[in-house]
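Keep the structure open while you read.

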Amino acid sequence: ERKQALEDSLQIAAERTAEAQAALEELRSLLLATLTVDDRIDWDQLKQNQPFSQPPPLARSYLPLPAEPQPEEARYQPQLGLIDKFWRASAAKKEATARALFESDYAAWQQRLALIEQENQKIYRANLAAHAEWQQRKMAFEEAARKNNESVDRRRDDYCALKTEAILDYCDLVLSQSKYPECCPQNFELNYWSETKTLVVEYQLPAPADLPRLEEVKFVRSKGEFAEVELNKRQFDLLFGEVACQIAIRTLHELFEADVVRALDFIVFNGMVCAVNPANGNPETRCVLSVRAARTLFA
C-alpha cells in the first residue's frame, strides 16, 4: 500500500507538472497559434441555416368506441323450447326478458359511448393545442432566423460599403472570435477614423497577478507532501513581456488579415493593464505597451 501511495503521488506530481508546463507553453505560443487561423469573417457562419429541429408532437390516440349492441345477436334471442311453442305466455316472457336485456345493454352502451366521445373531444383539443403550440415555436424560430440572416447581410453590405460603424463591428467580431487562454480577459475598445483609415485598439492585457506562475510540482518523499516550484522574478517578468508583445502583434495580424475591404491602413494598439498599485493598494489602469503599425510595413 505504501509503495502504491508513493507511485500515485509521483503520478499526481507529474500530471500537475505537465499541466503547468502546458499552460506556460500556451502563453508562449500565443502568436504561433494564430498563424494557422483564417481570421476573415465567414458571414455564412453567422447565419442561422439550421432547420427547426424539434419534431411535431405525437398525437395522443383516441379511445376506441365500443361496439353497438345489435338485436340480432344471439344473446338477445329468446331460447324457446318445445313447451314455449305451445304455451304462448312462457314464450312471451322469454321474449320480454331478451328484449329487456338488449334495452339495458343498449342504454349502458349509449352512456359509455357518450363518456368516451367526451374524452375523445378532450384528446382532440389537447392534440390541437399541442400542435398549435409547436407550430408557433417553429414559426418563431424561423422568424428569428430570418431576422438574424437579414441582419448579417446588412452588416456585410455595410462593411463592404466602408461604413464606420460596420467597420468597427467587423473588427469587434474578428477580435472576439480569437481564442485565448482563460487568463486573458479579451476586453477592448475600438475607435476608427475613416479619413486616415486608422483603427485605435485599447486592449486590456492580462495583469501579472492573472498569469500562471507554477512551473513544476514535486513530491517530497521525506515529508510526504507536494512542493510547488514557481517561475523566479526574472522568468516571470520575461513571460509577462512575451505575453504582452505577442498579444499586440497577434491583434495587428488578425485585424490586417481579416480586413478584406482594405478599410485599415494603420492600426494603433494600446495595451492596458488593470492592476492593484502595491504602493497604495488602489486599482489602476496603465498603458504598458503602444505600437502604431502601417499595413504595408507590417506585412
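## Arg 60 and its partner

Arg 60 is partly exposed, because its relative accessible area of 47% falls between the 20% and 50% cut-offs. This is a predicted model, so treat every value here as computed from it. Arg 60 has a charged partner: its side chain meets that of Glu 119 in a salt bridge, at 3.8 Å from N to O. The two sit in distant parts of the chain, 59 residues apart, with Arg 60 in the loop between helix H3 (43–46) and helix H4 (82–86) and Glu 119 in helix H5.

What about the other end of the pair? Glu 119 is partly exposed too, at a relative accessible area of 26%.

Side chains of opposite charge can pair when their charged atoms come close. How many salt bridges are there in this model? The count comes to 18. One of them joins Glu 73 and Arg 75, with 3.6 Å between N and O. Glu 73 is partly exposed, with a relative accessible area of 28%.

Another one pairs Arg 250 with Glu 254, and here the closest N and O atoms are 3.0 Å apart. Both residues belong to helix H7 and lie 4 residues apart, about one turn of the helix. There's also a network: Lys 47, Asp 153, Arg 156 and Asp 157 are joined by salt bridges that share partners.

## A closer look at Glu 254

Are Arg 250 and Glu 254 buried or exposed? Both are buried. Glu 254 has a relative accessible area of 2%, so it falls under the 20% cut-off for buried.

## The largest pocket

Rolling a probe the size of a water molecule over the atoms shows where empty space is left. The largest pocket holds about 170 Å³ of space. Helix H2 (30–34) and helix H7 (233–258) are the elements that give two or more residues to its lining. Arg 250 and Glu 254 turn up again here, among lining residues that also include Ala 33, Thr 34, Asp 38, Arg 40, Gln 177 and Lys 179.

By residue type, the lining of this pocket splits into 3 nonpolar, 3 polar and 6 charged.

## The largest cavity

Which residues line it? They are Tyr 159, Ile 167, Tyr 170, Cys 171, Val 174, Leu 255, Ala 258, Asp 259 and Leu 264. Val 174 is also part of the lining of the largest pocket.

Helix H6 (164–176) and H7 each supply at least two residues of the cavity lining, and the largest share, 4 residues, comes from H6. The cavity lining divides into 8 nonpolar residues, no polar ones and 1 charged.

## A nonpolar patch outside

Back on the surface, Tyr 62, Tyr 124 and Leu 128 form a nonpolar patch, with about 320 Å² of accessible area together. Leu 128 is found in helix H5, which covers residues 88–160. Helix H5 is also where Glu 119, the partner of Arg 60, is located.

Terms used: Residues are numbered from 1 along each chain as its sequence is written. This is a predicted model: local features need pLDDT of at least 70, side-chain atom pairs count only at pLDDT 80 or more; totals for chains, interfaces and linings use all residues. Side-chain values use heavy atoms; hydrogens and water are left out. Patches are made of residues with over 30% relative accessible area and no salt bridge: like charges are joined within 9 Å, nonpolar side chains (Val, Leu, Ile, Met, Phe, Trp, Tyr) within 5 Å. Accessible areas come from the Shrake-Rupley method with a 1.4 Å probe; for residues, only the protein chains shown count as cover. A salt bridge is a side-chain nitrogen of Lys or Arg within 4 Å of a carboxyl oxygen of Asp or Glu. On a 1 Å grid over the protein atoms alone, a cavity is a set of points where a 1.4 Å probe fits but cannot get out, and a pocket is an open set with protein on both sides within 12 Å along at least five of seven lines; lining residues have an atom within 4 Å of a point. Grid points are joined across faces, edges and corners, and a volume is the space filled by probe spheres set on the points. Ala, Val, Leu, Ile, Met, Phe, Trp, Tyr, Cys and Pro count as nonpolar, Asp, Glu, Lys and Arg as charged, and the others, Gly among them, as polar. Buried means under 20% relative accessible area, exposed over 50%, partly exposed in between (1.4 Å probe, protein chains only).
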